[in-house]
Amino acid sequence: MVKHQPLQVYEKQVFVSFVTGIYGCRWKRYQRSQEDSSRWECTWFIILCSSFFLLLFWAYFWLVAQNDFNEFNWSVYNRSGEWRDETIPILASTTVGFSYITFLMILALFHISLGQQMNLYWVHKIGVLATLITTISGVVTVDDIWGDEWDILLVSLQSTAPFLHIGALATVTAISWLVAGYVVRRERSSKYFHVMVLLIYIVILLALYLAPLTFTCPCIMDRHSLRPRPDIIGRRGAPMLAPENTMVSFNRALQHGASSLEADVTISVDGVPFLMRDRTLRRTTDVSKVFPARQHDDASFFNWTEIRSLNAGQWFLESDPYWTVETLTARDRSRIGNQTVCSLVEMLRLAARANSSALLDIRKPPPEHPRYRSWFMDTLWAVQKAGISQKRVTWTPDTDRGRVRGLQQTANEKLSVEEIRQRGITSLTLHYSKASHKDIQEYLANNVSVTVYPVNDPWLLSVLWCSGVPSVSSDAPQVLQKVPYPIWLMSQNAYNFIWITSDLVSLAVVIGIFCFQKWRMSGMQNYNPEQIMLSAVTRQSSRDVNIMKEKLIFSELDSILFYTLVSLCGSTDYNYRNASRKTPSDTKLVEYWQIIPLSKHSQAARL
């Protein structure tokens, strides 16, 4: 008795060959299989999915962290002592890795939808592992150098959550085709595993349907409740267009709509307040050439004559920290190249002429500094000399309040309303990660002005605008000037309609896909394998059809029967394509002859 499987008829499938060839280097037909993937290959698919979601998170993080690229480079500079734009290699590697992993994910999903066995090529396995390890290393490094920046993810969701929700809903709805196709094929794995996969998918789908209940989006509001546009404060001027804390930078900020100027103030050894962000002069001046032995000294231990002799603009043209030097004219470059360190008096006089205000972040001298006890008097003297109204000057830190009269003081830490009243503070300067929508509303209700920093991207300005923030401090006033209205603004009723409609459409599509897959698989199961074999054999010879030989399990085959079979066939090189011209009995013998292994052919020839 001969046990055999029905003949399988294969046609040329260019798309399947492309998918299996790129993913697993299986370009030939006999290398592909319709069987379930092995556990090892399923493990690699899980690793691929983990790499994809980790890279998706990583790419989204750097997309929203673009608001703070300068802060990241400054953090790296404080650790390494060398100024480099570290975001360029990170963005380039992230783009390449994410594109590669996404392409492999698409191929893997095609394998599942086509019912092909997944067999990831070893070169791709190395690539996936290298990408995964590199991404994990990047996450650990950022957490060590820039750990506070993770807060921007929660802040960004106030702007992107509704759109991410729609995208995730569409993706999970599309995946229902694969889930439904897998669940209805019960004969290929255990029933309990199918139930577990179905339950996990249903839980994820329900979580997405109800996710908007957890959203806090300030821009989901009535248009009539929108407050006036926040005032823009030029943080160190316009450092993307000119060297920070220089006169040309402050002029550029005022030209691009800044209503106020913010500067970092340091006190020199002879009591002159000047503008410098770093502890040393190495990054923004040529101190390494003029005073090479003192380039690592604290900037406050230089006198004003020494500081004034340094060039504070050439570094901007050489390092091009924001990739904007090419946009400058020859006249602008010449002017920037001749900049010197700016004094506080010069900046305040410019603010007074422009009828704008000033926000000063004063760095107190170290205890061994000769002006350690008189730094605030030096600052007051500069304000009086500049001729600007004291009411238009706000400074931090919030200390020596009893000795400072007339100037506005602000705190750069998050305080309760009771603490603000006790200190007599009327304004706060907070990092955007500390200024939640609820806190801002509470401060405004108690007549406390809030300034948020740094705000360099339109999406963050839109969120804070909808929250009602009176002013923001920005490194890019030229960018925010082009945002006359929040990027998006939607009423609660309109968003509820979009949310519920999307859920209902998704639910209808998912149910429809499951029903179609069930009908499709039940229709396929109603076919008789022998009928499929016969219909495949009788196809017209004009079609380019390739027939694969199936394995036979021979048991107790009598040599006389075998010799008779060979005699009836007449030749070991019988052409299967001529079977249609034989009698029915001959055709069946030919079919048996074609599926006999080659070793049996040789035996038949000897007989």
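Modeller: A residue is called buried when its relative accessible area is under 20%, exposed when it is over 50%, and partly exposed in between. The model shown is a predicted one. With that in mind, we may turn to the charged pairs.

Side chains of opposite charge can pair when their charged atoms come close. A salt bridge is counted here when a side-chain nitrogen of Lys or Arg is within 4 Å of a carboxyl oxygen of Asp or Glu. The structure holds 19 salt bridges.

Let us begin with Lys-414 and Asp-439, which form a salt bridge whose closest N and O atoms are 2.3 Å apart. This pair links distant parts of the chain, for its two members are 25 residues apart. Lys-414 is in the loop between β8 and α15, whereas Asp-439 belongs to helix α16, residues 437-445. The two partners also fall into separate classes of accessibility. Asp-439 counts as buried because its relative accessible area is 14%, and the limit for that class is under 20%. Lys-414, with a relative accessible area of 42%, is partly exposed.

The loop between β8 and α15 also contributes to another pair. Arg-423 forms a salt bridge with Glu-413, and the closest N and O atoms are 3.3 Å apart. Here too the pair links distant parts of the chain: Glu-413 is in the loop between β8 (408-409) and α15, Arg-423 is in helix α15 (residues 417-423), and ten residues separate them. Arg-423 has a relative accessibility of 33% and therefore counts as partly exposed. Glu-413 is likewise partly exposed, because its relative accessibility is 36%.

A further bridge joins Arg-294 to Glu-306, with the closest N and O atoms 3.1 Å apart. Arg-294 sits in the loop between α9 (287-290) and α10 (304-308), and Glu-306 is in helix α10, so that the pair links distant parts of the chain, twelve residues apart. Arg-294 counts as partly exposed because its relative accessibility is 24%.

Salt bridges may also be joined into a network. Glu-71, Arg-235, Arg-236, Asp-264, Arg-277 and Asp-475 are linked in this way.

For contrast with the charged pairs, consider a nonpolar part of the surface. Phe-15, Ile-106, Phe-110 and Leu-114 make a nonpolar surface patch of about 330 Å². Helix α4 (residues 87-114) supplies the largest share of this patch, with three residues. Phe-110 lies in helix α4, and at 33% relative accessibility Phe-110 counts as partly exposed.

Finally, Ile-487 illustrates the exposed class. Ile-487 is found in the loop between α18 (477-480) and α19 (492-525), and is called exposed because its relative accessible area is 52%. Between Ile-487 and Leu-460 there are 9.6 Å in space, C-alpha to C-alpha, and these two are 27 residues apart in sequence.

Technical notes
Residues numbered from 1 in each chain as written. Predicted model: local features only at pLDDT ≥ 70, side-chain atom pairs only at ≥ 80, totals over all residues. Heavy atoms only, no water. Patch = residues over 30% accessible without salt bridge, like charges linked within 9 Å, V, L, I, M, F, W, Y side chains within 5 Å. Areas by Shrake-Rupley, 256 points an atom, 1.4 Å probe, with all protein chains shown as cover. Helix = DSSP H or I, 4+ residues; strand = E, 2+ residues; numbered from the N terminus. Buried < 20%, exposed > 50% of the residue type's maximum accessible area, 1.4 Å probe, protein only.
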